[in-house]
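The structure is shown first.

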Amino acid sequence: MSLPVLVVDDSAIARKMLIKALPADWDVEVTQAGNGVEALAAYRAGKASVMFLDLTMPEMNGYEVLEAIQREDMNSLVVVVSADIQPLAQQRVKALGAIAFVKKPVSTEQIREVLGQYGVR
Amino acid sequence: MTFVPYSSDHVDALQEIVNVAMGRAAAALAGVLGTFVRLSVPRIRIVAAADAGRAVRVLVGEHAKITAVRQSFHSDLAGEALVLFGEDGCTDLADLMGYDDCDEPGMQTELLLDLSNLLVGACLCGVLEQVESGSNVSFSAPSIIAERAYVHALVRPDALSWTHSLVVELNFSLEHRDFSCHLLILMPEEAIERMRALLDRVLAAV
């Protein structure tokens, strides 16, 4: 069965870049969300075994998404993909349950590395 | 001159590029101030030069009283950068930077010039590098062009020889502090066209 992957970013270009960086040999079913509200809806619909999450977004930002899914059940491997490279931002998202923080732009190798540790390969 | 606006793809690509550059600038600012910096979603407008002042007022807030630092930049893209500090920013800043006395005018000026220089440099170099246009960028020395002035006095269309302006607005604010500032990047029509070509290249590569 394909792995449900959710890509959350307010920028369509950023989503496209991330999807392009997904390893070509992975069997994935990609869903896209343009803000946190859409992301939560897709998450609740079971479309996010893996979630790539931007932080700076209108409507509902990445921190708020993490807080919401942590309250629910945290049934997703969340990789935060952000331009905000402050050390404190990285600490915060990990405290909120993200498995990794990678800075934009993301490479295929980084995706393999962070998710490989969780058995996704 | 006839002027073709950016497509939504161009705006999206530029916004993402600015976002990444802003992240670097915020990290530099956080390093200096030792506090967490909140980032905004960058806002981008292309306006006729006559409307540039109004666009800035809308982005920054009509009734804001600000101190403004200006710096121009030249590479294969050229334009103006403005950093606008709110009225109460300085006291908090001086405290964060460990200065005792912000009332001393020289100190205050130096602080604002230094921070502007840091933000403008990090942001513009970040943008130019991503569109592969960053070699040989030069900056003028930062100078204060308005002190505790209303924002409507800031951008005077008659003082610009431009027909159109690309306006990029970023907001940096600190947690648990009153301080916030806007960074505005203004670019004239030649730079708008050059940037369009650079963005085409970025878009083609995705």
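## Contact between the chains

Helices α1(A) and α1(B) are roughly perpendicular to each other, a term for angles of 65 to 115 degrees. The model is predicted: local features need pLDDT of at least 70, side-chain atom pairs count only at pLDDT 80 or more, and totals for chains, interfaces and linings use all residues. Residues are numbered from 1 along each chain as its sequence is written, while chains are lettered from A and ligands numbered from 1 in the order in which they are written.

The two axes come within 7 Å and cross at roughly 75°. Helices (H or I, at least four residues) and strands (E, at least two) are DSSP runs, numbered from the N terminus.

| Helix | Residues | Contact residues |
|---|---|---|
| α1(A) | 12-21 | A:A12, A:I13, A:A14 |
| α1(B) | 8-33 | B:D12, B:A13, B:E16 |

Residues are in contact if their C-beta atoms, placed from the backbone, lie within 7 Å. The residues of this helix contact divide into four nonpolar, no polar and two charged. Nonpolar means Ala, Val, Leu, Ile, Met, Phe, Trp, Tyr, Cys and Pro; charged means Asp, Glu, Lys and Arg; the others, Gly among them, are polar.

Between the chains, 18 residues of chain A are in contact with 17 residues of chain B. On the side of chain A, α1(A) gives the largest share, six residues.

Helix α2(B), residues 52-60, has the buried residues B:A52, B:G53, B:A55, B:V56 and B:V60 (buried: 20 or more other C-beta atoms within 10 Å of a residue's own, placed from the backbone). B:G61 follows α2(B) and has a positive phi, near 115°.

Methods. Axes fitted to C-alpha atoms, helices over the stretch in contact; angles between N-to-C directions. Parallel < 35°, antiparallel > 145°, perpendicular 65-115°, else oblique. Contact = placed C-beta atoms within 7 Å. Buried ≥ 20, exposed ≤ 12 C-beta atoms within 10 Å, placed from the backbone.
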